[in-house]
Structure formats: structure tokens, C-alpha cells
Amino acid sequence: MTKSQSALVKRQNLLVGALCTTYGLLYLGRVNISVVLPLLAIELDVSRAQVGILGTVFFWTYGIGNFVNGEIGSHVRPYRVIGVGLLVTAIVNLVFGFQTSLLLMLVLWGINGLAQSGGWPPIVRILAERLDPSRIKQVSTVIPVSYVIGIVVTWTFVGAVAAGENWRLAFWLPGLILLLTAGLWWKGGIDAPTTDSKGVRLSTIMAEARGVAFALAVSALAGFVRNGSIIWLPSYILDGQLISDDLVGAVAALTQVVAIPGLMLARLRVVRTNQVLVTGAYMFSAGGLAFVLLSATSGISAIVVLCLAMMILGGAFGLVTSSMPVILSPPGRTSSIAGTLNMMATFAGGVAGFGIGAIVEHSGWNAVFGVWGIMLLLAAAITWRHRHEEDRWSGADEAG
């Protein structure tokens, strides 16, 4: 490697690091609510299914926002979209901590969903357009580590400082940190190359959606499981009464830490085979079987199987959110495809916000794990059936 090539790789690594850090910090103002959901139910004197609507509202507005911001991110500077999202989510979290009404909380958390959606699609565009093409697939399997670490740090941090009556700190402290992050982002000026936009075209959007219809279905199935676990796993651990309440956040974070080796496993196979979809099919199958097994376990053994299931799910979901948009997008449309796939995952997560709470109350946690297992096995079957789509898109890119 020449000196100039080495310098280029170093600059690109710094770029990836900055984007991953920024997106990870966004999670401070997003999954902080998961740790305090049971406390909010008590504080507001409502059921878990009712308080779970906060998750539903967030994921649905986040899903709509992903579609909108994904398209916007293909036409305007992604630097601005990300900066506005950071600022708004900081303000929402600061205001949320003062609320005593579920209705006002629903409104604020819905706004937060729209603000948070300004993060991922523009970031994927920056990566796709600023990185050397030979590195894109490899990097796309690594950047999901950003949101895994974001979840881990948030759950551990919030679980330690926001127990009992201190739940409001779960929103005030992240709000302050995100205000600082927004200031640093505007100062940093990280952006994608300027392009000549031809404007929003509905025909283009519809044609792209039809072209990746199978990926949309897979994203919805995986999103129900992954986003549902983010909302409700802390409650599952709390219900098990295997640990003290102040350690719930840390143990819940452990179920997310294990996603990192899952991502590394996915990356290893993609690097060796250059096949994202086949790798995804294998990982969805293994994750589905693990959740089915989890539905038949209990106690400490259930925590062990849960960690295994979450490890595999982490790798599979990372492929859906970052690698699939990269390999299935026409030139200049990565932000839009990333936003559309994320929209499907988050809409399904919105259903999970309410639905899982209802399933737990009526049938228990084993029923939830059984449903998750079946969904992942179905995602595996769909991905496997369309595994040759990757070669078709690669051929189109080479021809172009």
C-alpha cells in the first residue's frame, strides 16, 4: 500500500468512526425509555400494554420519518438532516422528563421518532458515497456496531441513574449530552459529495419498492423481533426476578453486547463469500431456532439461550439495515432504500410495542419467544428464496 493509499484508508476510518459515534449517541435519547417503561406504568397508573403504546407511536413516526428523511437525504445535504435530528431529539428528551400525562408523552415521543429518523439513512448515504467501493460491503457489516453500543451504554447508564423515583433523569441527562453532540456535529461538517438532484419522483420510488419487495418483507419480520426486544427485554428480565432491580439495565445491556460477536460473525462470512443474502438466510434460521428453544426454557438457562438468540439476531438485523441497502440500491439512491427498509422494520416494531405487551399479559413470555422464532424462520425462507437478487444487482452495477 502506497503512502497516499494509507492516508486515504486512515481518513475513511476516521469518517466511519465519527459517523458510528454520532449514531450511537442518538440512542441515548431513544432506547432510554425501555428501562423505565415499568416505572412509567406505575407513575401514570396504566397497564403495560397502555404504556407500551409509547413504543408504538415512536416506531410508527420513526418509520414514516425514515421514508421521508431517506428520500430527503438523497436530494439535500445529509449533514443538515442529521444535525436537525440531533437537535430536536435533545430538546424532546429534556421536555419529556417534566411530563406527567401519557397523552403529552405520546406526542413528544412521536416527535422524537421523526427526529431520530434523520440519522440512519443520511449516514448510510455518506458511507456509500465517501468510501472506496471495494470496502463498502465490509464496512456495511461493521457500522451496525454503532447502535448496539448505543443501546448497551444507554441501558447501563440509565439503569444505574434512573432507578425508582429518579426515572426523569433517564431523559434529562441524555438530552443534555445530545445538545452537546448536536453542537459538535454542526462544527464537524461531515457530508456526502454534492450531487445534481432531479427532484422527488414518485415513479422512481414505486419502482424501487417493487424491486426490493422481498427485502421489505424481511425487514418487517426482523424489525418486529429486534425492535420488540429493545422495548420489552428489560421488562422480561425484571419479571424473572433473577437479579436486583438496579442491575436490570446492565443485564439487559448484556443481551445487546452479544450482538457484537454476531455482527462479527456476519462480517466474517460476508468477507469470505461476498454473499450478504445467503449469510442473512443462515443467520435468520439459526436465530429463529434459538428463540423457539428459548420458549421452552426458564431461569438462568433462559438468560443463556436468550444471549445466544440475541447474538445471532444482531448479526442478521445488521445485514438488513446496512448491507442490504448498499447491495440493492441504484447509484445515488442508498439513502432512500435505507430509509424504506428501516421504515418497514420500525412499523413492525411499532406493532410489537403494543402487541408484545398484550401477549405477555395474556399468554406469558414463552409465547412471545415462540412468535419471534417463527417470524425469523419465515424471514430466513424469504431471504433464501431471493438469494440470487444480490448477483442481479451486482451485475447491473458492473454494467453501469
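Mentor: First, a definition: helices (H or I, at least four residues) and strands (E, at least two) are DSSP runs, numbered from the N terminus. This is a predicted model, where local features need pLDDT of at least 70, side-chain atom pairs count only at pLDDT 80 or more, and totals for chains, interfaces and linings use all residues. Residues are numbered from 1 along each chain as its sequence is written, and side-chain values use heavy atoms, with hydrogens and water left out.

Trainee: Where is Asn274 found?
Mentor: Asn274 is not a glycine, yet its phi is positive, near 60 degrees. Look between two helices, H14 (259-273) and H15 (276-294). Asn274 is found in the loop between H14 and H15.

Trainee: Does Asp45 count as buried or exposed?
Mentor: Asp45 lies in the loop between H2 and helix H3 (48-51), and it has a positive phi of about 60 degrees although it is not a glycine. Buried means under 20% relative accessible area, exposed over 50%, and partly exposed in between (1.4 Å probe, protein chains only). Asp45 has 70% relative accessibility, so it counts as exposed.

Trainee: How many helices and strands does the chain have?
Mentor: The chain has 400 residues, of which 56% count as buried. By the run definition, the chain has zero strands, and its helices number 19.

Trainee: Which direction word describes H5 relative to H6, roughly?
Mentor: Two packed helices are described by the angle between their axes and the distance between the axes. The axes of H5 (residues 78-96) and H6 (residues 102-116) come within 8 Å and cross at roughly 160 degrees. Axes are lines fitted to C-alpha atoms, for helices over the stretch in contact, and angles run from 0 to 180 degrees between N-to-C directions. Angles under 35 degrees count as roughly parallel, over 145 as roughly antiparallel, 65 to 115 as roughly perpendicular and the rest as oblique, so the crossing makes H5 and H6 roughly antiparallel.

Trainee: Which backbone oxygen does the side chain of Ser117 reach?
Mentor: Ser117 is found in the loop between H6 and helix H7 (120-130), and at 0% relative accessibility it counts as buried. Not counting residues up to four places away in sequence, Ser117 touches Tyr62, Gly65, Asn66 and Asn69. At 2.6 Å, the side chain of Ser117 reaches the backbone oxygen of Leu114.

Trainee: How far apart in space are Val35 and Ser235, C-alpha to C-alpha?
Mentor: Val35 is found in helix H2 (residues 32-44) and is buried, with a relative accessible area of 14%. Val35 and Ser235 are 200 residues apart in sequence, but C-alpha to C-alpha the distance in space is 7.6 Å.

Key: Polar contact = N/O pair within 3.5 Å; in protein donor to acceptor, adjacent residues only side chain to side chain. Contact = heavy atoms within 4.5 Å.
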